[in-house]
Amino acid sequence: MFPKSSQALRQTNSSDAASAPVRGNEPTQTLHGMSRIGAKTTIRGDVNGDEDLLIEGRIVGDVSFPHHAVTVGSDGQVEGRLIAQEITVKGRVEGQLIAAERITLKATAEVQGELYAPGLILEDGAAFHGNIDMNAEHAVLREAFGAEHRDSSVKPAPESRAEAEEREEIQETGGANAGRAAE
């Protein structure tokens, strides 16, 4: 019913004090494994990293976190190329968004540019102007994520009966008849 004092919070949270330090009357969570660019920060230049990123400020330059998630907060702004495993936009982005898995544009998002990702979630109310390419094998995705980039949702085309018979023949003969099977 009444707010706890910071002393009471410290005692209650003493076991998890590292994960929820107390400031005043409200506990705050620390962001282990996540970088944060604060609302009053502007970066002019490229930003690279190897952990999740929350952008609440402004970046004028490229952002590259290819193995992690990047979130552009409600007040966040990015002008440049954004590369990440997953991208979530709540604020403003102008440029290319390239995601190995998925791009999510929340209702408050304002995006102008090109989207490259095998998955896309566009919430009602999001403003988007530009082009979308959801081909999981697109050259832009291969360039951004290297040869190891493979989306698990993309399945190879089923093997035809002739291809299956040829493969079985090659396996049975150890490849000796492979030339004849191709003729």
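These questions and answers walk through a predicted model of one chain.

Me: How many helices and strands does the chain have?
Reply: The chain has 183 residues. Its secondary structure holds both helices and strands. The count is four helices and 14 strands.

Me: What percentage of the residues count as buried?
Reply: A residue is buried when its relative accessible area is under 20%. The chain as a whole exposes about 11400 Å², with carbon and sulfur atoms supplying 47% of that area. Of the 183 residues, the buried part is 31%.

Me: Which residues have the most contacts inside the largest nonpolar core?
Reply: In soluble globular proteins, nonpolar side chains tend to be buried together. Here the largest such group has 25 residues. The ones with the most contacts inside it are Ile-55, Val-89, Leu-97, Leu-105 and Val-111.

Me: What is Leu-105 in contact with, leaving aside its neighbours within four places in sequence?
Reply: Leu-105 is one of the residues with the most contacts inside the largest core. Leaving aside neighbours within four places, its contacts are Val-89, Val-111, Leu-115, Ile-121, Leu-122, Glu-123, Ala-126 and Phe-128.

Me: In which sense do strand 6 and strand 8 pair, parallel or antiparallel?
Reply: Strand 6 also joins strand 3, through four bridges. There, Met-34 has Asp-52 as its bridge partner. On the strand 8 side, Leu-54 stands opposite Thr-71. Strand 6 and strand 8 pair over three bridges, and the sense is parallel.

Me: Which side chain makes a polar contact with the side chain of His-138?
Reply: His-138 lies in the loop between strand 14 and helix 2. Not counting residues up to four places away in sequence, His-138 touches Tyr-116 and Asp-133. The polar contact, at 3.3 Å, is with the side chain of Asp-133.

Me: What share of the contacts with a separation of 6 or more comes from residues 24 or more positions apart?
Reply: Contact here means heavy atoms within 4.5 Å. Among contacts with a separation of 6 or more, residues 24 or more positions apart account for 8%.

Definitions and conventions
Residues are numbered from 1 along each chain as its sequence is written. This is a predicted model: local features need pLDDT of at least 70, side-chain atom pairs count only at pLDDT 80 or more; totals for chains, interfaces and linings use all residues. Side-chain values use heavy atoms; hydrogens and water are left out. A nonpolar core is a set of buried Ala, Val, Leu, Ile, Met, Phe, Trp, Tyr and Cys residues joined through side-chain atoms within 4.5 Å. Buried means under 20% relative accessible area, exposed over 50%, partly exposed in between (1.4 Å probe, protein chains only). Helices (H or I, at least four residues) and strands (E, at least two) are DSSP runs, numbered from the N terminus. A polar contact is a pair of N or O atoms within 3.5 Å; within protein, one must be able to donate a hydrogen and the other to accept it, and residues adjacent in sequence count only if both atoms are side-chain atoms. Accessible areas come from the Shrake-Rupley method with a 1.4 Å probe; for residues, only the protein chains shown count as cover. Two strands pair if DSSP finds at least two bridges between them.
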